[in-house]
Amino acid sequence: MAPALDTTFAALADPTRRAILARLALGETTVMDLARPFDMSQPAISKHLKVLERAGLVSRGRDAQRRPVRLEAKPLAEANQWLESYRALWEARFDRLDALLQKLQADEGAPLPPKPGRGRKPKEQT
Amino acid sequence: MPATATSDLDVTLPSDTEIRMTRSFAAPPRLVWAAFTEPDLMQQWMTGPSGWVLKVIGGDVRVGASYRLEWHRASDGATMGAGGVYLEVRKPERLSCSERFDDPWYPGEAINSYDLEARGAGTILHQHFRYESKAARDMALSSHMDDGMRESYRRLDGILAEAIAREAGTLGA
């Protein structure tokens, strides 16, 4: 699983390639149509497509003339799962940090003198 | 990469060697700073997988000073340590430090930086990790998946052990 993900992340590291994938998420298209919104030559786009194809992120149709490009969802889903578990760990940490910050703020906001009628010692160590 | 709606934590990979995270907190930068730099506060939230307890050694937050984090697991006495040196200290807006694990599960050293941006009464945290290579970055990214998988396997081990014990009991009766 690791080498495949490696290739996926390498393919995703480039902004043009991410933009191509975003466009393909709307549906399959030809290289010519794909190149249109980018300020790039068709050969340059083809080069990016080769990288995406090697990573299994896109596939080309059999139709010899059009050879439509389409998005392959599986590697993307795997890469996403990888990132998701990393994100989940940090989210759990940050949720604990939220709770801690809330407590720190509550402690700060607490009135400095002890409440009247409560004979509490100023310091009570556990 | 699509963001999930369950949380406002944003994780991106701006290049082959980086991980960037952005998240907002409902407390001013000075409190977030304290939570990132004071050992007794760090211990309360920077914990690892369940069952591990974090111990922080340091607290002298100035450029060139070192810090050390140690995770201990009570069940089998396992320990895991990491440490580094503070590279940039601009309280309460920017903190940067190096990070290296004792038992390196990613090669080389990472440079971690934390930018705290005041936004209203709260803080936006920009957390940035840079690794020496893409391989190291990917190992750091995937390691947490391993944690999750290890946990699952451990649970599976427990279930299997129980099933085996039950079967042995039935046969013995």
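The structure is a predicted model, in which local features need pLDDT of at least 70 and side-chain atom pairs count only at pLDDT 80 or more, whereas totals for chains, interfaces and linings use all residues. Residues are numbered from 1 along each chain as its sequence is written, chains are lettered from A in the order in which they are written, and side-chain values use heavy atoms, with hydrogens and water left out.

In this model, 27 residues of chain A are in contact with 38 residues of chain B, contact meaning heavy atoms within 4.5 Å. The two chains bury about 3300 Å² between them, 66% of it on carbon and sulfur atoms; buried area is the accessible area (1.4 Å probe) lost when two parts are put together, summed over both. Between chain A and chain B there are 4 salt bridges, each defined as a side-chain nitrogen of Lys or Arg within 4 Å of a carboxyl oxygen of Asp or Glu. Asp95(A) forms a salt bridge with Arg23(B), with the closest N and O atoms 3.2 Å apart. On the side of chain A that touches chain B, two or more residues are given by each of helix 1 (2-12) and helix 5 (73-109) of chain A, helices being DSSP runs (H or I) of at least four residues, numbered from the N terminus. Helix 5 of chain A provides the largest share of this side, 22 residues.

Thr30(A) lies in the loop between helix 2 (15-24) and helix 3 (31-35) of chain A. Thr30(A) counts as buried because its relative accessibility is 15%, the term meaning under 20% relative accessible area (1.4 Å probe, protein chains only).

Key: Buried < 20%, exposed > 50% of the residue type's maximum accessible area, 1.4 Å probe, protein only.
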